[in-house]
Amino acid sequence: MARFPSSPTPNLLLRLFSSNKRSSSPTAALLAGDFQLRQFSAGSAARAAKDDKEPWWKESMNKLRNIGISAHIDSGKTTLTERVLFYTGRIHEIHEVRGRDGVGAKMDSMDLEREKGITIQSAATYCTWKDYKVNIIDTPGHVDFTIEVERALRVLDGAILVLCSVGGVQSQSITVDRQMRRYEVPRVAFINKLDRMGADPWKVLNQARAKLRHHSAAVQVPIGLEEHFKGLIDLIHVKAYFFHGSSGENVVAGDIPADMEDLVGEKRRELIEIVSEVDDVLAEKFLNDEPVSAAELEEAIRRATIAQKFVPVFMGSAFKNKGVQPLLDGVLSYLPCPTEVNNYALDQNNNEERVTLTGSPDGPLVALAFKLEEGRFGQLTYLRVYEGVIKKGEFIINVNTGKRLKVPRLVRMHSNDMEDIQEAHAGEIVAVFGVECASGDTFTDGSVKYTMTSMSVPEPVMSLAVQPVSKDSGGQFSKALNRFQKEDPTFRVGLDPESGQTIISGMGELHLDIYVERMRREYKVDATVGKPRVNFRETITQRAEFDYLHKKQSGGAGQYGRVTGYVEPLPPDSKEKFEFENMIVGQAIPSGFIPAIEKGFKEAANSGSLIGHPVENLRIVLTDGASHAVDSSELAFKMAAIYAFRLCYSAARPVILEPVMLVELKVPTEFQGTVAGDINKRKGIIVGNDQEGDDSVIQAHVPLNNMFGYSTSLRSMTQGKGEFTMEYKEHCAVSNDVQTQLVNAYTASKATD
C-alpha cells in the first residue's frame, strides 16, 4: 500500500495532478480513482491542499484492519493464522503447529511453543489482502496466558473468535468473549474443523447464542461435513465456493447444488430476519417484504457488527485449507477500520477528563505501549498508534514518567522477524527498540498530556519457591526474573520473609513451569522448584474494637502513641480490598501522624495471624487517640497501629479464603460417575452437566488446593480420554476443618523454624 505524507504540500498535489496523463478531465482520479481533486488555480493551491487533506489519510485508514484471533485452546487459531499468511503471500510454505517438520508455524517462534504445540506469547504480523493492510495478533488459548489475550484485545479494532465445530463453545471461548465485551471489540466468529468427525456447525451456532448471548447468524452454509466437506455457499451473494489446488489457494465459484437450494433459501431468510432485528434500514425492507440485494445486506451486516449488535458466523477448515479466503473477505467487509472505533484518552491536564481521539494522522501523537519483550538487542516495545504520526529519529514523551526519548529504531513485526520503517501513522501497530518504559505507558509528541486507560490484570493464584542450583548463576537468575516480570504483568516475584526463598506467582502450574523452563533455556540457569503453593488470603467476618497505647521509655526521648477505633469487613461487592478512614474530631492525634498510622495498619494486614497470608476486604476506622508533646513520633504511631491490629484481629473472627477454580471437564459418558465422584472428593461443587454426543461436559467449582496433579488422575480415570480446563473464579472461605488443618500446619512450620 502506498504511504502518504501526513501533510501533503501544494507542489506534491500539482505534481501528482499533472502526472496523470491519461485523464483529459481536470478532476483527475487519485488513489485508484476513489477520490477526486477539485480544479484549483496555482494561487489557491494552498487552500485546496488544506481542503483535500482528509482523503489523503482517509483512503489509507479505510484500507487498514487491526484484528486479533482468539479462541479456546486447540481450536486452530495458529493454524488459521498460518493459512492467512500463506494466502496473503507473507509466507510461501505452510508448516504445521507442532513443528514436526522441524520448522513449525510462523507465529509460534519460541522452541517451547513448537514442542508443546501451544501458543505462549501473542505474536504480531501484518499482511495485505485485496489492497487492504491487515495487522494480526495471534493470541494464546490457554487460560494461564490470559494476559496475552487481554493486552491484544486492548489495542485491536476487531477480532475473529474461532470456535471448534466439534468442541463447540468451551470454557475459554466464554472467557475470551467476555474480554472482547470488556474492550468493546466488534467480532466475527469462525466455526473451524468442519472436516472432523462429529462436526456440527448448527449446534455450535446455537451454543454461541445460548452461552455467549451472541445475536448471530451464519453468513455461509457448508457443502457436506466431516470427510464429505467440499466447500461453502455464500448466503449474501448466493454463490457456491470450492477450494482447489494443493493448498486450497484457487477459489472457484460454482452453482449451488440442487439438493441444497431450499436450505440456502431458508438460511438466507433467517440471516436477513436476524440482522433486521438490529438494523433499522434492513428492518424496513424486511417488513415491507421487499427483495434485499447483496450490497444492502452486506452494508446492514457491517453496520450491525461495528455497533456490536451482531456477530456474522463464517465456517471452514483451516487445516484442510477451506474457507479462509472468504473469512478474510469478511474481515475487510464487516470489521471496522481504525477511524470507525471510538477510542478515549484521559487528559492529565484536566482532571483526567475523557477525550475522544479522532484516530487521524493529523492530530497530536498518542501511542500506547501494550507489550514488552526483552531481546538480544534490548527492549522491544509494541506500540499501537491511536493518533498522529511516529517517526524514526524524532523525540517522543512518556506521559507516565515525563521522560523525553528519541525513537532510535522503528520496526513492523512479522512474528519474530522485523522490518525497519521510517514512520507509522495512526491506526498502525509497530514496535520500537531501545525505548525504556513499562507496559501500559502512553507516548505523545508533547503537545498534549493524554494517557490511555490501562488493561485489566488478573491476580495470580499460585506460587512456587525457586532457587538456582548453582550459586554462581545468581546474577542470571535475578536478570531472568526481572525480565519476565517486566514482560508479563501476571507474573510476580517476591521474597518469603521467613524462609528467605524467592517466590514466583502466576496464573497456574503451566504458566510457572514455562517460566522455569525459559530460565533454563534462555539464561542457562537450572533452578530447583518447591511444591506449588496456593495463594490463600485472610479476611474478617465481624466488627472488632481496638484501643492500644504504645509506650516505651529508654532514656532521652521515648515512644508514645495511642490509637482507638475499630475494624470491620467491607461489603462483598466492594472494589477496594483495604480502606482506612480517619474519623477523629479535633487534634487528639496531630494530622502529620495519620499517614504513619495508615502505613502501620497496611503493613500489619500484609500478614494475618492465622496462616501469615495477606488480609483483605477490611476497613479500619480511627476514632480517637492520644499523643505526647515530646515522645510521639511517626514510628511510635506506626508501631501502635501494628500492635492494635494484631490484638483486635482474633476478635474480628478471621477466616481463610482460598482460590476457587471454574473447572470444565469433557469425558466419555461411561466415566461420568467416576469423575463426578472424584470432584466431590476434592470438595468441588458441580454446577452444570451437559451431553455432547458421546461425551459429558461437566462444569464445577473446585478449590485450587485440591487440583494439583489432577491431569494425571483424570487420565487414569478415563483411560486417557478425558480433558479439562480450569480458570480462576473467586476467593471463597474455606470450611472449618480445612481452616484448622491450615492453621495447625502453619503453627507447626513456625515452631520448627
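Tutor: Buried means under 20% relative accessible area. The model discussed here is predicted.

Student: Why is Thr451 called buried?

Tutor: Thr451 has 11% relative accessibility. The cut-off is under 20%, so Thr451 counts as buried.

Student: Where does Thr451 sit, and which residues is Thr451 in contact with beyond its neighbours within four places in sequence?

Tutor: Thr451 belongs to strand β26, residues 450–452. With neighbours within four places in sequence left aside, its contacts are Ala345, Leu346, Gln348, Val399, Asn400 and Thr442.

Student: What makes the pair Thr451 and Gln348 a polar contact?

Tutor: The side chains of Thr451 and Gln348 are joined at 2.7 Å. A polar contact requires N or O atoms within 3.5 Å, one able to donate a hydrogen and the other to accept it, so the pair at 2.7 Å counts as a polar contact.

Student: Which sheet contains β26, and what makes β26 an edge strand?

Tutor: Strand β26 is part of an open sheet of three strands, ordered β15-β14-β26 and paired antiparallel. β26 and β15 (353–357) each have a single partner strand, so one side of each has no neighbour in the sheet. Direction ignored, neighbouring strands here are turned by 45° against each other on average.

Student: How do you know that β14 and β15 pair?

Tutor: Pairing needs at least two bridges between the strands. Strand β14 (residues 343–347) and β15 have five, in the antiparallel sense, so they count as paired. Within this pair, Tyr344 has Thr356 in β15 as its bridge partner.

Student: What makes β9 and β12 the edge strands of the four-stranded sheet?

Tutor: That open sheet has the order β9-β10-β11-β12 with antiparallel pairing. β9 (220–223) and β12 (250–254) each pair on one side only.

Student: Why is His613 called buried, although it lies in a loop?

Tutor: The test concerns relative accessible area, with under 20% counting as buried. His613 is at 18%, so it counts as buried. The loop that holds His613 runs between α15 (594–605) and β36 (618–626). Beyond neighbours within four places in sequence, the contacts of His613 include Val534, Asn535, Phe536, Arg537 and Glu538. Asn606, Ser607 and Gly608 are also among them.

Student: What makes a set of residues a nonpolar core, and which members of the largest one touch the most others?

Tutor: The members must be buried residues of the nonpolar kinds, joined through side-chain atoms within 4.5 Å. The largest core has 48 residues, and Leu80, Ile160, Ile233, Leu271, Leu297, Ile301 and Phe310 touch the most other members. Helix α12 (residues 324–334) gives the largest share, six residues. A second, separate core of 42 residues includes Met462, Tyr710, Val743 and Tyr746.

Student: Which residues is Leu297 in contact with, leaving aside its neighbours within four places in sequence?

Tutor: Leu297 is in contact with Ile236, Arg268, Leu271, Ile272, Leu282 and Val292.

Student: How many helices and strands does the protein chain have, and what share of its residues counts as buried?

Tutor: The protein chain has 19 helices and 40 strands. Of its 753 residues, 53% count as buried.

Key. Residues are numbered from 1 along each chain as its sequence is written. This is a predicted model: local features need pLDDT of at least 70, side-chain atom pairs count only at pLDDT 80 or more; totals for chains, interfaces and linings use all residues. Side-chain values use heavy atoms; hydrogens and water are left out. Buried means under 20% relative accessible area, exposed over 50%, partly exposed in between (1.4 Å probe, protein chains only). Helices (H or I, at least four residues) and strands (E, at least two) are DSSP runs, numbered from the N terminus. Contact means heavy atoms within 4.5 Å. Axes are lines fitted to C-alpha atoms, for helices over the stretch in contact, and angles run from 0 to 180 degrees between N-to-C directions.
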